[in-house]
Protein chains: 2
Amino acid sequence: MGKRPLMNRAERAQIAMMLEVCAYPKPGNVDRCHDYTDTRFEHFLASTILVRPAFEAAERNGGRVGSLIKEAVMLTNGHSGGNTHFGAFILLIPLILGEDIAGAQRIVASTDVLDAIEFYAAFGLTEVRVVEDDDLDVNDPESVAMIREQGMTLADIMAYSAPRDMVAREWVNGFRLTRRCADLLHMHGHGRDAIVRTFLDLLASEPDTFIIKKHGVEVAERTVQRAGEVLRGERDLGAFDAECIRDGINPGSIADIVIAGIYVALGEGWRWDC
Amino acid sequence: MGKRPLMNRAERAQIAMMLEVCAYPKPGNVDRCHDYTDTRFEHFLASTILVRPAFEAAERNGGRVGSLIKEAVMLTNGHSGGNTHFGAFILLIPLILGEDIAGAQRIVASTDVLDAIEFYAAFGLTEVRVVEDDDLDVNDPESVAMIREQGMTLADIMAYSAPRDMVAREWVNGFRLTRRCADLLHMHGHGRDAIVRTFLDLLASEPDTFIIKKHGVEVAERTVQRAGEVLRGERDLGAFDAECIRDGINPGSIADIVIAGIYVALGEGWRWDC
């Protein structure tokens, strides 16, 4: 106890990824108690281990947001689980580079066209769900040409995506939900139960944009409503979890934001191990 | 897929630690499905992340076995879960330094008195169970004096402990069970089920010395017998697991050896993610 130095930023980010996937029961997402067929619990934990060099580079040497996100994706998509943490990296890389939310906002504000292009290369490595009528389709080489032509920075790309993507929205609104998540963690005490309660609070108040892309607005709104019922004791958490799993309703974007929120809370003294 | 380089040795060791603790059901040990009161699943996974600098130092710069084991223990005992992987580090550090079992045997053969003294410092940081009538008590400053006086190397210390400690015994017998564990993994196919099956095979053939130290030989022999009954379909795995947990019977030394075996198997092409 207390014999080792405090965690550095890279470790805080890794521990945040680990704690998020371990917390249970988390309605609809991979956790300690269930896997998805293609992506299992161990895939998420392997990514948590294998991403380290990208996080360490960000902490030690700084570097460009776009290329660091790309490096994080490359380091973690070698296993059969495919992409596990793309959204989390979009939040964690600026947070590690900038140390905290204020610093991450400065990092985000300073991105440029090269960051945008490198980010698109990272995006192309993943199988992240793309909205079909999107002008900035990653599979379309014209997109990169358009980014160059219009001089779009990575922050511009995020602003473009913000209406349909709550992770991108964090870049635009000063990491509002990340901040709220960290505040909720402090409020709910320490450890695993606080993470589950915080996850539910967010699920009951924010339509998850990953669910919207996959199932439409109606399903996302219904999930918000049902999470609220769980919080008010009107619906059983286990049954809600089983229902989400059955229907493939996984709030993946809220999970990404919870990871960022845990990172911030850990930096503010929140304890996971008590 | 296949876009990233193969795992390096430090990563293989970390992934081995992660896979071992995730595999379930593993009779009596912490796994995905249960915690102990003081040491939870997340503590094991945090150690898996936080040990990295010691493994990386071993891989990149070589270094002394004793001080590397001490560093690994220091990096991982800062959380409230206490010591989680001391036995595993005793096997993994020589395996990382030497790359494989043949290399680890050379490393072990080359240890000296300073390694022994540094190892004792690591041992003092843990709360590892000590046999009461042991001449080499870590809490006894006379032990270090005796090591110096008699010129005992770390290999000598392990030889001294070997009759009562199956992890120390690996140093003496050329990593016999580590090798057998890797062979069993190859034989049982890939992924989580192969780990569980391998764990059971070892449990059914080797009395766990951690159980012997905690509960005596009789309980350890009974555990071997019951694991055999599970393998022959004469006893229910879930019930056996619940019984072990209830009675505090945790085969911790076999878990350490399974970690080392997974490390070796991964280096020989065994796949965890299929």
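Of the interface residues of chain B, 100% are also interface residues in chain A, so the two copies meet through the same surface. The model is a predicted one, in which local features need pLDDT of at least 70, side-chain atom pairs count only at pLDDT 80 or more, and totals for chains, interfaces and linings use all residues. Residues are numbered from 1 along each chain as its sequence is written, and chains are lettered from A in the order in which they are written.

The contact takes 31 residues from chain B and 31 residues from chain A, where two residues are in contact if their C-beta atoms, placed from the backbone, lie within 7 Å. On the chain B side, H1, H2 (41-50) and H4 (65-76) each supply at least two residues, these helices being DSSP runs (H or I) of at least four residues, numbered from the N terminus. The largest share of that side, eight residues, comes from H2(B).

Chain B is superposed on chain A by a rotation of 180° with 0.0 Å of shift along its axis, at an RMSD of 0.0 Å, which is the relation of a two-fold axis; the superposition is by least squares on the C-alpha atoms of residues with pLDDT of at least 70 in both copies.

A single residue can now be followed in more detail. Gln14(B) lies in helix H1 (residues 9-22) of chain B, and Gln14(B) is buried because 28 other C-beta atoms lie within 10 Å, the cut-off for buried being 20 or more. Leaving aside neighbours within four places in sequence, Gln14(B) is in contact with Ile49(A), and also with Thr48(B), Val51(B), Arg52(B) and Phe55(B).

Terms used. Buried ≥ 20, exposed ≤ 12 C-beta atoms within 10 Å, placed from the backbone.
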